[in-house]
Amino acid sequence: MTEVIGADTQIAQGVSLIEAGRTVEALEVFQDILKSDTGNVQALGWSGVGAFLQGDNERAISFLQNAHALAPEDFQILANLGKACMAAGQVAAAHSSFQKAYEISSNDAEVCYYLGYITEHAGDAVGAETLYRQALKINPADRQIHLQLSNVLHLQGRQREALRVLRIAEARFPDDRDITFVRGQLASNSVPGWHLPMLADQAR
């Protein structure tokens with residue numbers, strides 16, 4: 001007799017495959033679920049994660065939008081949709097997703113960081129500062145948040161505060177060459193402003 005595996009067990013198997021870096025196999029598991037249950041929110045959401053990890057942002061967005069339509073208050077789906085839209089260059093859509101996620105839960109460093117990043121690049125250094133400080137309060141061990149916070153302080157002409165943030169970061173991450181370099185440049189007043197790349201999603 002063929003053993004019938006439930007959807008929850010399949011989801012768990014797929015998630016384990018994602019965690020092991022076996023995204024192709026994971027997506028096959030999630031797609032198998034969706035063949036018989038097209039509205040399975042978990043399978044849709046994890047399919048979006050798998051597609052995103054493969055670099056297929058458009059497919060990730062499609063899965064995550066379908067999941068969001070079925071579970072509009074799901075924080076993680078909104079956060080993941082925001083990241084996929086950001087990676088696809090759809091900044092307005094990313095901002096909308098992150099903002100909705102933030103309204104559901106403002107206690108997530110990643111969402112605060114991305115909203116801060118978008119706000120910074122929209123030209124609002126003050127608004128970005130607020131969001132970066134909130135992200136840093138939640139996760140003080142994130143070196144990228146330190147860097148971006150120091151940047152928006154620098155853009156506001158608050159050099160001493162920017163240096164203070166970098167010194168704190170340098171003490172926490174003594175081997176981080178980016179932090180040491182930026183602090184040195186800022187200390188010598190030889191940098192007019194910088195815009196570091198987004199956090200590598202693989203590291204988040």
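Hi everyone. In the protein chain, residues 24 or more positions apart account for 50% of the contacts with a separation of 6 or more, where contact means heavy atoms within 4.5 Å. Before going on, a word on the source: this is a predicted model, in which local features need pLDDT of at least 70 and side-chain atom pairs count only at pLDDT 80 or more, while totals for chains, interfaces and linings use all residues. Residues are numbered from 1 along each chain as its sequence is written, and side-chain values use heavy atoms, with hydrogens and water left out.

So what is the chain built from? It has 11 helices and zero strands; these are DSSP runs numbered from the N terminus, with helices being H or I of at least four residues and strands E of at least two. Of the 204 residues, 46% count as buried. Buried means under 20% relative accessible area, exposed means over 50%, and partly exposed is in between, with a 1.4 Å probe and protein chains only.

Let's turn to helix packing. Two packed helices are described by the angle between their axes and the distance between the axes. Helix 5, residues 75-87, packs with helix 6, residues 91-104, at an angle of about 160°, and their axes are 8 Å apart. That makes the two roughly antiparallel. For the cut-offs, angles under 35 degrees count as roughly parallel, over 145 as roughly antiparallel, 65 to 115 as roughly perpendicular and the rest as oblique. The axes are lines fitted to C-alpha atoms, for helices over the stretch in contact, with angles running from 0 to 180 degrees between N-to-C directions.

Who makes that contact? On helix 5 the residues include Phe-75, Leu-78 and Gly-82, and on helix 6 they include Ala-94, Phe-98 and Ile-104. The residues of this contact divide into 11 nonpolar, two polar and two charged. Here Ala, Val, Leu, Ile, Met, Phe, Trp, Tyr, Cys and Pro count as nonpolar, Asp, Glu, Lys and Arg as charged, and the others, Gly among them, as polar.

Helix 5 also meets helix 7, residues 109-121: the axes come within 11 Å and cross at roughly 35°. Phe-75, Ala-79, Lys-83 and Met-86 in helix 5 meet Glu-110, Val-111, Tyr-114, Tyr-117 and Ile-118 in helix 7. That contact divides into seven nonpolar, no polar and two charged residues.

Leaving aside neighbours within four places in sequence, Phe-98 is in contact with Ala-79, Gly-82, Lys-83, Val-111, Tyr-114, Leu-115 and Ile-118. Phe-98 is also among the residues with the most contacts inside the largest nonpolar core, along with Val-111, Tyr-132 and Leu-149; that core has 58 residues. A nonpolar core is a set of buried Ala, Val, Leu, Ile, Met, Phe, Trp, Tyr and Cys residues joined through side-chain atoms within 4.5 Å.

Gly-116 lies in helix 7 and is buried, with a relative accessible area of 0%. Leaving aside neighbours within four places, Gly-116 is in contact with Ala-128, Leu-131 and Tyr-132. Leu-131 sits in helix 8, residues 125-138, and is buried too, at 13%.

Arg-133 touches Leu-149, Leu-153, Arg-158 and Glu-161, not counting residues up to four places away in sequence. Thanks, all!
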